[in-house]
Amino acid sequence: MQTTFNITYEDGWYPVEHENGRPFRWSGPRARVRVTAAAPCRSVWLRLTCGVWGAAPSLPSLTVAVNGREAGSARVSEQPGYLTFPLGEGCDFDVELQLDRTFSAPGDVRVLGMMVKSLDAFDEDALDSSLELEGWYERETHEYFPFCWMGREASVLVPALARPGTRFLSLPIAAETGSGEQVLGIWRDGRLLAEIPLRRGWHLYDVDVPDEARPAAAGEPASARLVLRLNALCPPEAHPGDPRALGVRVGPIEAHHDPRRHAQVTSFYQAAQVEAVCAAAPQNGDEVCCGVPAVGDGWNGEERDERGVFRWTRREAVLLLPDHVRRRRRFCSLPLFSAFRNLAQQVTLSAAGHELVRLDLAKGWHTYSVALPEPGGDLEITLRVNVLTPASSHPGDPRELGIRVGAVTLHDDERRHEREVFLASNAVQNQREMQRGATVLESFPQTLGIDLYGRCNIKPSCVYCLWEPMKALEGEAVDETVDDRTLAGYGGLFQGARLLVNCSFGEPLLHPRLDRVLDLAASHGKVLELSTNGQAFTPRTVGLLAGRRVHLYVSLDAASRATYARLRNDRWDGVLAGLLCLRDARRAGGGWPRLNMVFMPMPVNLDDLEAYFRLCRMVEADALVLRPLLHLEHPGIVRERGGYRFDYERELMTPTALEPVFAACERYAARYEVNVVSQFDFGLAEASRFRPAATL
Amino acid sequence: MGKEEGVSATDLLGYPNEPLCREPWESYYILRRGILPCCYGSTPIAPMAEWKTAWNSPALQEIRRYLVRGELSPYCLSSLGCPVVQRFLEQRRRSPLGALDPRARSPLLRGMNRLLGGVPARLYRLLPLRKGLSR
Ligand code: SF4
Ligand code: SF4
């Protein structure tokens, strides 16, 4: 438990002022404070957040005396940063702060020493996280990791590092420079413990502390002082407008003794592994993506929806395909969106006065493949819709809207063309049959639910998982192999589906033929939806996923180690390191796989909500998915985990209890610029159509 | 949505012709625990091995038939994890007649739901991504 100190400003201080709502005081040349604790402490530290704010002509040196004896001295920085001094043992400290020079600002008669933003005392034996001593700028708390910028060199006190059994040091660090340009050396007692080549952005690093650097004598302090040294500062152009000499951002440094955590985290930042992952994004043969139509008549401005960037056509629009881009490719893949559900909208494509094709448009986005006329040459394709999107469906928007057109692709793959034609015609037929009210269908479903893998790496299962009853229901099929060959064997059911959704009670990333499954889905133009618990992220699986048309749903429901332990287990750090590696791989893979971070609001995790938004921003998630905990009548599931009693029934939140959660999500979504998808509204549209006499 | 020459946009776009729920047309789940017509179906309509025939099986035809009529089939009503069903039962409970209708809180249906786990096939359902929060 943290020790509470009482800090009294005594003589030598000017009155409190405020800047951006935050209080500060200027000291004179000499100032005193009194630090008291309720009970004696073995080792107390005093930390000042101070600077001269660019106002002084030269930087003063601060000398601190405690109960009449000198405790140390240090140079006060220009910008507010930390200076920390040992007060020693006891519970009552009379602290004198003496500056070697003062200055006066123009128009201000005061004799100024330094500006102090805060004064804090710490009991070394009660530290629950690392204590920045010197060389740090003020802590910032608006990102997932609370962090301090360090300059070129900084020192830190790490609790429990010297405790027997502790072997590893965990460091969240964000560098602004690319691979390995900045190297961080970690020193203790004049010995170099480790050197870490830093990667761009936030990463989690884990260092094995050499044995001899771990004194473990009984009665000695368990914390240890480390010095961090950078080979180079962050280039000033990486932080324009910020005059500080910045190195890297460092989050809370922790000591631990878990070799599995160390191995998992380490695997993600070993340079070769990550580079291999980022290079793994597959290329798509001879295709060329022309992007969203940018020239030609008849287009409205560029917009974005859940699928990506698009433009609305007017009634007619002209698509220009110049010869130097087309290069005799024979096929054009056109992602088109129609708002009509009754197939009333058609688009006719023509070139040089000849009709190329007339397409019935299924609702929503579908890819339509068109064979281009021979030979090559510049091509002007006119798209003309038979009916506009009703103006009354977009009130307040006076534009003439035909259909949406996404990024156009040209290719020369005849089989792909045939597949895309089949997929689109199946979608149209499926919709036609549904609109007709057919109950026997010739078409195939557009979404195929599959069950890739029946085993899970979380044992015991997540607290809300219905593992046992599900496995009982699966019976003999539990060990049924479902792989790429099985899927291909589903024939039309596989061929006709645009979306493959894995619904296993199990972890799909553990599938022994995951690479083949991904290849099959890619070669058939399917989008694959995989839900994962995130614990199966490894450099290999991340590498397999990089650049694939996969929608990942990562179920965490927690943004802290403690909450994660209540729901699942102690593997939080590996999940975090995996997500950061995935972020880099997705950048290299053109944003694929898409990343959806799932959060089921429950009393157990509500305190993590804001941090979850920060986490989503850090890992560059496409969306935060709010999902209801599955409604079960009298679930009777009560599990003790991570010091918490998870009672399923109690965790099911009522609509009233959810209201403030949704309101908070609105705020956080705007603050952290995170897209939120709420799955709480499933069934709303249907509910508006219940007939009064709907039967039971 | 507004109206155009006396016809509402939803009519023009073809909403009224759609069944109450589109899942059993657009989706199909071949899972180890059996074949399911939608992501919220609680009871398999056939074992996994019958994936080929279950797509147009009498059981699935019946589910579709009800939905075309704008009604929930007994199958759907047994799938208490389904939000459509939950909303329906909630409406029934709130309506003066529904409150009297013992079937709106059928212990049998609730019993079935528990027995079968009441687990949707697709716990992790993709809904369209939207900018900002919508409910
Ligand atoms: S990851 Fe999924 S299948 Fe595995 S235990 Fe958790 S909820 Fe169950
Ligand atoms: S159970 Fe729900 S989702 Fe499934 S078909 Fe019935 S209404 Fe649709």
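This is a predicted model: local features need pLDDT of at least 70, side-chain atom pairs count only at pLDDT 80 or more; totals for chains, interfaces and linings use all residues.
Colleague: Where does ligand 1 lie?
Modeller: Look at its shell first. Around ligand 1 there are 8 residues, and those that come nearest include Cys456(A) and Asn533(A). As for its place, ligand 1 lies between chains A and B.

Colleague: By class, how many residues of the shell around ligand 1 are charged?
Modeller: The shell has 5 nonpolar and 3 polar residues. The number of charged residues around ligand 1 is given as no charged.

Colleague: How far apart are the end C-alpha atoms of helix α14 of chain A?
Modeller: The helix runs over residues 655-672, which is 18 residues. At 1.5 Å a residue, α14 should span 26 Å. The model agrees, with its end C-alpha atoms at 25 Å.

Colleague: What covers the buried residues of α14(A)?
Modeller: Buried residues in α14(A) include Leu658(A), Val661(A), Phe662(A), Cys665(A) and Tyr672(A). In an α-helix there are 3.6 residues a turn, so residues three or four places apart point the same way. The cover over the buried residues of α14(A) includes, from chain A, α12 (609-618), β34 (623-626) and β37 (676-678).

Colleague: Which residue just after α14(A) takes a positive phi?
Modeller: Helix α14 of chain A covers residues 655-672. Just after α14(A), a positive phi of about 50° is taken by Glu673(A).

Terms used. Residues are numbered from 1 along each chain as its sequence is written. Chains are lettered from A and ligands numbered from 1 in the order in which they are written. Side-chain values use heavy atoms; hydrogens and water are left out. A residue is near a molecule or strand if one of its heavy atoms lies within 4 Å of it. Ala, Val, Leu, Ile, Met, Phe, Trp, Tyr, Cys and Pro count as nonpolar, Asp, Glu, Lys and Arg as charged, and the others, Gly among them, as polar. Helices (H or I, at least four residues) and strands (E, at least two) are DSSP runs, numbered from the N terminus. The expected span of a helix is 1.5 Å times one less than its number of residues. Buried means under 20% relative accessible area, exposed over 50%, partly exposed in between (1.4 Å probe, protein chains only). Contact means heavy atoms within 4.5 Å.
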